[in-house]
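Let's take a walk through this protein together, with the pockets and the helix contacts as our stops. Keep the viewer open as you read.

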Amino acid sequence: MKILVVEDEIKTLRGICHLIDTLPEEYQVAGMAKSGEEGLRLARELGPDVILSDIRMKGITGLEMIQRLQEEGLSCKYLILSGYADFHYAREALVLGSVDYLLKPVTAEDLEKALKKVADLLLEEASSIRIHTFSTEELLGRVLNEDGEEYEQEFWSRFALGSRKLLLLVRSEARLVQKDLQAISQILYEALPGVSCVTYVNEEHKELYLLGEILSEDLSKEQIYGQLDRAAQACYETVNAYLVCSAELFMESGSLVWVKNRIRDNSNWNLTLKKPLVIHRERVEALSCAKFSYPSWLERDIINAINKGELDKAGEELEGFLSYLNASDYAYTDVREALICLTAAILYAIRMASYGLYENISHLNLMEWVQGTLFTEHYRQMIRNLLHQYARYEENVKQSKHPIINKVLKIIEAEYAGDISQEHIARRMNITPEYLSALFIKELGVKYAAYCTQCRIQAAKRMLEEEGRKIYEVAESCGYGDVKYFCKVFKKYTGISPSEYQHSRIYIEL
C-alpha cells in the first residue's frame, strides 16, 4: 500500500514516516509533503493508495486539499490526522470520504489499525468489480492464470452449451514480437474458417493461446487437426522456424486450466516428434518410444576433447551425441535428461579448466534453460557458443593479441606466489586498476581476480600430486598465508578439498 504523508511540521512528518516504517512491509511511504500545495502535486504524480494528512496547515488545509483531489477524480483513500479533538473537523473529514480520523499523538497500534481498515476497504472494492464487464479476451487470460472459478463461470456463459471447444497453444523459446503474434493469429484464423476464436498472449512465458468454439458438426477431429497441421507448417515457414503448437479438442465446459496444463505438457513432446506438426493427445498416444540408454561413451569423448583443448573435435562429438538422440523416438523426459546430464558434464569440465570462465557463464542459468528447452537445435547452438567462448579463452591465454595482457599473464605465471593484486600489477604496467580489469574481461572473458586464483589453484594441484607434500606447505607456496582460506578456495574451484584431491591422485596412480 502506497502512503502519502502530508504534514507541515517537519518533526511530526518524520515521526509519522518512521512510525510507518515500523509497520509490516505492505505499508510503504511513497512520498512526504510539507504543505497542502505540495500534497496536491505529489498526489497527482504518485497516485497513492491512501493520503494521511494533517487538517490545519498554512496555505491549503488538509480538508481543502482532499476536496480538490476529489474534484479532479483522484482514486484514493484518506486518513485525517490532527491535534484538535473537535467533532466539527471529524464530521467534515468523514463527509469528504475520510476512512478514519486519528488524533495526535498517534500510536503505531492505532495507525496500523486505521491502515488495515483502508486495506480491507480497497480489497472489498476490488473484489466487487463486475466480472461481466470484462472482455472475453481478458476473461480468457484470467482463467488461464487460475484467477478463480467465478471468472471461468462467466467465461463459459458466453459460449453455446454442448459445442466443441479447441484450445491451441503456440510456444516459443524467444520472445514473440507483436508482428509475429499478429501473423500467427491470422494464419490460425484462416485455418479454421467459421470458427469463433478468442486469443490471449502470455508475454512472460512467450505463449499464445487461442480458444475456438466449433459450431459446425461437419468438421471431424481429423479434419480440424489436419487444418491446424497445415497452419503450423505455414507458421514455421513464414514467421518463425522455432515454434511449438499443441492443441486439445474437448466438449465439456470444465476446467480450462486443466486443459491448458495438458497441452502445455504435451508441447514438450516436440523433443521427440521433431516435426512441424500440432501436438495433441492422439499423436502422443500413438508414439512408440524406444527404451533409452544414456550414451556415456559419447559424453566421455566430448569431455576428453574439451580437456585436451581439442574444441573442434568436441563440436564433432557433440553432433554424434545429438544424432544418437535423434536416431529413435525417445520419450521427451529421456531426451531432456540426457541434455541436462551432458550440460552438467561440460560445465564441470570448463570449471576444472577455468573457474573464472565458469563463473562468468554461470549467471546465464544454462541448466535452468536446458530444463525447459524444446529444440535440440537450440541446444546445439548453445553448446557450440559455449565451446567458442572456451576456445577464445584458451587461445588468448596462450597468446593474447594485446601486449599488456601478454606481459601480465607472464608475470602472474612466474610470480603467482607473490603480490599479484590488481592494484600492484596495474602500477607495474603504468595503467589504472580499472583499465586492467576491463582489459581482462575484454581479452579473456574472465575477471582478473578469478584468473589469478585459477593460476594459484592449478599450481596447488601440481604440488599436491607430489609425494609427501603437506597442505600448509602448498598453501604457502601458492601465496596463501591462511590454510583454512586456501582449503575453502580450493574446494570452490575444484569441487573437492585439497586432501580429497591428494587421495584421488594416489588412487589413480595405484
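**Pockets and helix pairs**

The lining of the second largest pocket is made up of three nonpolar, six polar and seven charged residues. Here Ala, Val, Leu, Ile, Met, Phe, Trp, Tyr, Cys and Pro count as nonpolar, Asp, Glu, Lys and Arg as charged, and the others, Gly among them, as polar. Before going on, note that this is a predicted model, in which local features need pLDDT of at least 70 and side-chain atom pairs count only at pLDDT 80 or more, while totals for chains, interfaces and linings use all residues. Residues are numbered from 1 along each chain as its sequence is written, and side-chain values use heavy atoms, with hydrogens and water left out.

Let's stay with that pocket. Its lining has 16 residues, and Arg 171, Glu 173, Lys 206, Trp 369 and Gly 372 are the ones nearest the centre of the second largest pocket. A pocket is found on a 1 Å grid over the protein atoms alone, as an open set of points where a 1.4 Å probe fits, with protein on both sides within 12 Å along at least five of seven lines; lining residues have an atom within 4 Å of a point. The second largest pocket holds about 410 Å³ of space, where a volume is the space filled by probe spheres set on the points, and grid points are joined across faces, edges and corners. Strand β6 (164-172) and helix α17 (366-370) each supply at least two residues of this lining. Helices (H or I, at least four residues) and strands (E, at least two) are DSSP runs, numbered from the N terminus.

Now move to the largest pocket, with about 480 Å³ of space. Of its 17 lining residues, Val 397, Leu 409, Glu 413, Tyr 451 and Cys 455 lie nearest the centre. At least two lining residues come from each of α18 (376-398), α19 (403-415) and α22 (448-464), and α22 gives the most, with six. This lining divides into eight nonpolar, four polar and five charged residues.

Helix α18 also packs against α21 (residues 433-444), at an angle of about 120° and with the axes 8 Å apart. Axes are lines fitted to C-alpha atoms, for helices over the stretch in contact, and angles run from 0 to 180 degrees between N-to-C directions. The two helices, α18 and α21, are therefore oblique to each other; angles under 35 degrees count as roughly parallel, over 145 as roughly antiparallel, 65 to 115 as roughly perpendicular and the rest as oblique. In α18, Arg 392, Tyr 393, Asn 396 and Val 397 meet Ile 441, Lys 442, Glu 443 and Leu 444 of α21, contact meaning heavy atoms within 4.5 Å. Four nonpolar, one polar and three charged residues make up this contact.

For another pair, look at α2 (residues 36-46) and α3 (residues 62-71), whose axes come within 9 Å and cross at roughly 30°. That makes α2 roughly parallel to α3. Here Gly 36, Gly 39, Leu 40 and Ala 43 of α2 meet Met 65, Arg 68 and Leu 69 of α3, a contact of four nonpolar, two polar and one charged residue.
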